[in-house]
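Hi everyone, thanks for coming. Let's have the model up on the screen, and then I'll talk you through it.

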Amino acid sequence: MDNLISIKTEIENAFEHKQILEMISFDITKAYDSVWRHRILTLLKRQFQVKVSHTLSKTFSQENGIPQGSSLAVTLFLLAINDIVETIKVPLKANLFADDLNIFCRSNNLKTVQEFLIQISANSLTDR
């Protein structure tokens with residue numbers, strides 16, 4: 001909607017100022033199918049430097065993590081973690097919403113529930 005509103009505003013401004021507005025629209029064929037993976041990975045690679053007083057260190061690459069607050073952070077995080085619920089096996093159940101993971105178990109026996117939740121869940125998650 002933002003793009004349509006922006007174009008509409010430009011058209012209205014052109015009419016108001018008695019100007020001409022021309023536009024060319026492109027539809028990139030198979031855009032998602034032809035994205036170059038290496039380019040995406042290169043763009044996502046983060047680098048940093050440390051500054052002490054007025055001196056900058058050499059540049060380092062950050063191998064882990066995603067920038068918190070970026071528009072892609074949630075999507076990238078979910079890609080990395082989304083299949084974690086598949087590691088949870090019956091009688092345990094799990095659900096995931098963003099970065100909130102719930103693992104639960106139901107039984108008539110408290111010891112059984114505790115055993116499954118503590119031992120099996122911990123083992124399943126640490127094996128990833």
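I'll start with the overall fold and then go through some local details.

First, some housekeeping. This is a predicted model, where local features need pLDDT of at least 70, side-chain atom pairs count only at pLDDT 80 or more, and totals for chains, interfaces and linings use all residues. Residues are numbered from 1 along each chain as its sequence is written, and side-chain values use heavy atoms, with hydrogens and water left out.

So what does the protein chain contain? Four helices and six strands, where helices are DSSP runs of H or I with at least four residues and strands are runs of E with at least two, numbered from the N terminus. Starting at the N terminus, the order is α-α-β-β-β-β-α-β-β-α. The radius of gyration, 25 Å, is well over the 14 Å from the globule rule for 128 residues, so the protein chain is more spread out than a compact globule. That radius is taken over C-alpha atoms, and the rule is 2.2 Å times the number of residues to the power 0.38. The C-alpha trace spans about 80 × 50 × 30 Å along its principal axes.

Burial next. Buried residues make up 9% of the 128; buried means under 20% relative accessible area, exposed over 50%, and partly exposed in between, with a 1.4 Å probe and protein chains only. Of the contacts (heavy atoms within 4.5 Å) between residues at least 6 apart in sequence, 20% join residues at least 24 apart.

Now, which strand pairs with β5? Strand β5, residues 93-97, pairs with β6, residues 100-104, in the antiparallel sense over five bridges; strands count as paired if DSSP finds at least two bridges between them. A94 has I103 as its bridge partner in β6, while F97 is partnered by D100. The two strands form a hairpin with two residues between them, and A98 in the turn has a positive phi of about 55°.

A few backbone details to finish. Most residues other than glycine have a negative phi, and most peptide bonds are trans. Yet V90 and P91 are joined by a cis peptide bond, with omega about 15°, and P91 sits in the loop between α3 (73-81) and β5. K18 has a positive phi near 55°; K18 is in the loop between α1 (2-16) and α2 (37-44) and is exposed, at 78% relative accessible area. S53 also has a positive phi, near 55°, in the loop between β2 (51-52) and β3 (55-56), and S53 is exposed at 63%.
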